[in-house]
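Subject: A structure for you to explore

Hi there,

Here is the structure I promised to pass on to you.

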Amino acid sequence: MGKATFRIWRGNADGAEFVNYDTEVSEGMVVLDAVHRIQAEQANDMAVRWNCKAGKCGSCSAEINGQPKLMCMTRLNDLSLDEPVTVEPMRAFPLIKDLVTDVSWNFRVKEKMKPFTPRPPDAEDGTWRMEQEDIDHIQEFRKCIECFLCQDVCHVLREHDLHDEFIGPRFFVYAASLEMHPIDTENRLEELKDSDGIGYCNITKCCTKVCPEHITITDNAIIPLKERVVDQFYDPIKKLFRVFSR
Amino acid sequence: MASYETHDYDVLIIGAGGAGLRAAIEAAAGDLKVGLVCKSLLGKAHTVMAEGGVAAALANVDERDSWRVHFADTMRGGQYLSNARMAELHAKESPDRVRELEAWGALFDRTQEGGILQRNFGGHQYPRLAHVGDRTGLEMIRALQDHGIHQGIEVHMENTVVSLLKTGERVSGAFGYEREKGRFKVFSANAVVLATGGVGKAYKITSNSWEYTGDGHSLAYHAGAELIDMEFVQFHPTGMVWPPSVRGILVTEGVRGEGGILTNSEGKRFMFDDIPELYVNQTADSPEEGWRYTQGDREARRPPELLTRDHVARCIVREVQEGRGSPHGGVFLDIAWIKEKISNAPEHIRRKLPSMYHQFKELADIDITQEPMEVGPTTHYIMGGIRVDADSQMTAVPGLFAAGECAAGLHGANRLGGNSLSDLLVFGKRAGEYAAQFAEENEAVPLDTAEIDAIAAHTLKPFENPADDGSGEKMGPYDIQAQLQEKMQELVGIARSQESLTQALEEIQNLREQAENVHAIGNREYNSGWHTALDLDCLITISESIALAALERRASIGAHSRDDHPEKEEPGAGKYNTIVNKAPDGTMEIRRQPVDELRADLQEIIDEIG
């Protein structure tokens with residue numbers, strides 16, 4: 001395949017810019033391979049986060065030619081190599097260095113959410129009985145590899161910077177996986193409405209489009225959660241019922 | 001004096017994969033202060049790569065299963081070199097460890113009755129692997145992570161430990177750096193648990209990530225602990241071979257568990273040609289019987305594709321060497337053929353093996369529901385590791401514990417698929433429990449600050465080493481790592497000999513000298529070159545221990561094959577483990593230790609079941 005040029009974001013919070021690197025490319029290579037080759041041969045100190053190189057750990061999130069993607073799952077065959085390939089860090093998070101961003105906010109968000117709280121076990125050996133068809137949709141949510149690309153692309157975070165008021169698509173998926181879990185007993189709807197800011201989501205589905213695990217974030221997680229919030233807090237009959245049952 | 005921040009803990013856990021997280025949860029169950037250090041972000045550790053399942057004799061699918069059968073399977077798979085007490089504890093306790101995950105939110109695939117579903121895997125007599133499609137490791141690590149973050153554990157993400165600290169004979173903490181700014185951190189602790197995983201990055205073709213540089217093995221070795229059976233490196237039979245950039249990425253054994261078959265360029269199912277004596281009675285006579293086994297027929301015996309990993313890997317190498325390989329130097333793994341047997345095969349395959357389907361579709365343009373995959377062996381796991389007490393997981397160094405892949409004993413000469421996820425749960429819990437107990441029973445010891453200054457200076461040395469030694473050919477950290485990987489692959493791989501191993505030891509020595517003088521460019525801020533330079537010491541130490549142990553074992557057993565000693569046991573040598581430790585003069589020593597005689601009740605199980 002010959003040579004290709006990669007335009008890579010280099011620098012830290014004090015200042016950064018694109019730097020062009022030419023490198024050899026060969027059949028089947030993914031963007032992460034090219035970045036690694038550049039790192040090994042031309043830029044030893046370049047910062048890039050990665051682990052599994054098989055789309056399973058969600059570490060190597062970046063923006064490739066402006067598209068939020070995993071570097072390990074983006075094949076060079078699918079890009080035009082006639083022009084430089086642009087590789088930059090996720091823009092919704094503060095830059096640490098080069099392609100690495102500070103995603104610690106996501107970990108803090110999760111810690112604040114109410115944990116899984118199962119009902120008492122169904123059987124004496126401490127286990128539960130669940131039908132496969134009742135857990136299929138939650139297993140979809142649990143495919144999430146926490147790459148945070150959905151957070152990166154969400155305009156509420158990316159453009160409006162509402163990190164203090166809005167938990168983002170990843171954590172709506174997480175909330176859905178708990179709320180719809182057949183043996184969970186906790187109720188998270190009040191937080192979803194208030195501190196988690198689910199109302200900010202105007203279902204543009206950008207998150208669903210970039211999910212490398214193909215989780216239907218908006219349709220299967222966010223919209224059903226919005227419906228539950230509406231049912232609990234805005235249904236006039238239920239509201240009346242609550243007033244009288246106090 | 002070096003500048004560093006200090007963190008004080010009762011128990012410090014190094015590594016946050018399955019074993020580390022499970023140990024941290026257990027250690028934090030009382031009111032101890034627990035710190036958890038991980039090299040990557042939380043939840044990204046290698047456990048996420050585990051696909052097929054976690055082995056536990058729940059007997060949900062076949063009520064004939066029990067801890068006794070699981071014990072016997074593990075011992076047979078390990079060629080009877082395993083620590084029998086560990087195999088016993090593992091078989092007895094893994095069902096509870098799996099059930100407990102469900103209480104923490106894990107959602108395994110279900111049986112018709114609504115219990116945890118189990119699947120067939122190589123070397124396991126009954127369907128035993130609890131699983132979630134082919135992403136079981138992700139489910140496990142997420143369940144542990146999401147539970148763990150509410151247990152008051154302090155997590156240090158993207159921190160690497162470069163040395164353990166000792167005060168007298170006891171471990172007293174650890175020294176490391178944080179990746180972001182390269183600042184030093186000193187952790188003081190009453191007890192330390194190593195849970196750092198494996199060593200795959202010592203090889204060129206591996207399913208392991210950059211993190212797998214044998215850190216725990218090396219830290220323990222330098223602190224005075226022993227390493228056992230380091231020659232047993234598992235080459236998983238099925239890694240991807242094409243395109244070159246994905247070479248080594250794992251293809252789960254679950255493909256074969258679901259009916260996938262191995263064929264050569266002549267279209268022949270070559271695994272039927274060579275069935276080891278230990279397994280003749282358990283292996284199918286015909287493809288038809290093998291298929292019935294994978295579909296849950298309890299009277300059928302397993303197809304030869306589900307023999308142990310060491311054997312399958314060797315058969316694949318033989319096919320390739322004898323000219324019957326696939327176009328890119330592997331063999332064919334075919335799951336698409338099951339459309340002859342079931343009507344909705346493509347949908348069935350996508351449901352049972354979703355991540356394999358995507359992996360091949362996206363990385364190799366192959367639709368596994370329609371065409372065969374090309375696969376070949378990849379360095380996957382190390383059975384050898386830090387020698388620990390079977391019950392407590394404590395090493396020879398008081399206060400230092402180890403669990404998971406970096407510890408050893410359970411798997412003997414070969415690990416069965418699915419036994420690593422259960423290993424890390426069972427022994428992660430035990431390590432956390434006993435480390436907590438040790439921390440409570442022993443007073444804290446003061447840190448030795450002089451030692452800390454020396455380690456800090458050594459850690460910064462790559463920046464001070466000259467960039468050029470005048471030869472114009474001085475190797476950088478990545479070059480040294482790549483050369484080590486080439487040499488280990490070539491000389492200490494699946495087929496070994498006295499000649500190749502002696503040469504390997506020389507090459508490793510040469511690379512050690514290069515690594516001591518390696519130069520890192522740039523500054524301390526998230527500098528991958530510097531990190532790679534620092535990891536070299538661990539990689540070189542464990543590479544030497546693997547080559548040395550491989551040279552010592554003059555026989556071919558389990559995952560260790562010597563071209564010059566094809567017989568299973570050295571005449572008159574009996575069964576033994578190899579033990580490596582650091583001699584007082586700083587060199588690496590090796591000795592043999594006979595395997596203990598089995599306890600009578602455990603021997604009875606072996607005699608009865610196999």
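Let me start with a pair of helices in chain B. Helix H1 (residues 18-27) and helix H11 (residues 419-441) of chain B pack at an angle of about 35°, and their axes lie 7 Å apart. Axes here are lines fitted to C-alpha atoms, for helices over the stretch in contact, and angles run from 0 to 180 degrees between N-to-C directions. Helices (H or I, at least four residues) and strands (E, at least two) are DSSP runs, numbered from the N terminus. H1(B) and H11(B) cross in the right-handed sense; a crossing is right-handed if the near helix is turned clockwise from the far one by less than a right angle, and left-handed if anticlockwise.

Before going on, a word on the model. It is predicted, and local features need pLDDT of at least 70, side-chain atom pairs count only at pLDDT 80 or more, while totals for chains, interfaces and linings use all residues. Residues are numbered from 1 along each chain as its sequence is written, and chains are lettered from A and ligands numbered from 1 in the order in which they are written.

Which residues bring the two helices together? Among those of H1(B) are B:Gly18, B:Ala23 and B:Ala27, and they meet a set in H11(B) that includes B:Leu421, B:Phe427 and B:Ala436. Two residues are in contact if their C-beta atoms, placed from the backbone, lie within 7 Å. By class, the residues of this helix contact are twelve nonpolar, four polar and four charged. Ala, Val, Leu, Ile, Met, Phe, Trp, Tyr, Cys and Pro count as nonpolar, Asp, Glu, Lys and Arg as charged, and the others, Gly among them, as polar.

Now to the strands of chain B. Strands count as paired if DSSP finds at least two bridges between them. An open sheet of three strands has the order E3-E5-E4 (chain B), with antiparallel pairing. Strand E3 (54-55) and strand E4 (118-119) of chain B are at the edges with a single partner strand each, so one side of each has no neighbour in the sheet. E4(B) is joined to strand E5 (residues 129-130) of chain B by two bridges, and B:Arg119 has B:Leu129 in E5(B) as its bridge partner.

Elsewhere in chain B, strand E12 (residues 261-263) pairs with strand E13 (residues 331-334) in the antiparallel sense over three bridges. E13(B) also pairs with strand E14 (residues 373-382) of chain B, again antiparallel and over three bridges.

Is B:Gly329 buried or exposed? B:Gly329 is exposed, because 12 other C-beta atoms lie within 10 Å, and the cut-offs are 20 or more for buried, 12 or fewer for exposed and in between for partly exposed, with C-beta atoms placed from the backbone. This glycine lies in the loop between H8 and E13 of chain B. B:Gly329 touches B:Val241, B:Val320 and B:Gly376, leaving aside residues up to four places away in sequence. B:Val241 is 88 residues away along the chain, yet the C-alpha atoms of B:Gly329 and B:Val241 are separated by 7.3 Å.

On to the domains, whose bounds come from an automatic or database domain assignment. Chain B is divided into domain 1 (4-232 + 383-441), domain 2 (238-378) and domain 3 (449-574). The centres of domain 2 and domain 3 of chain B, taken over C-alpha atoms, are 33 Å apart. Their contact takes five residues from domain 2 and four residues from domain 3 of chain B. On the domain 2 side, the largest share, four residues, comes from helix H8 (residues 309-321) of chain B.

Chain A has ten helices and seven strands, and 47% of its 246 residues count as buried. Its C-alpha trace spans about 70 × 40 × 25 Å along the principal axes. Chain A is assigned domain 1 (2-101) and domain 2 (104-238), with 30 Å between their centres over C-alpha atoms. Eleven residues of domain 1 of chain A are in contact with twelve residues of domain 2 of chain A.

Finally, how many residues does each chain give to the contact between chain B and chain A? Chain B gives 48 residues and chain A gives 49 residues. The largest share of the chain B side, four residues, comes from H4(B).

Enjoy exploring!
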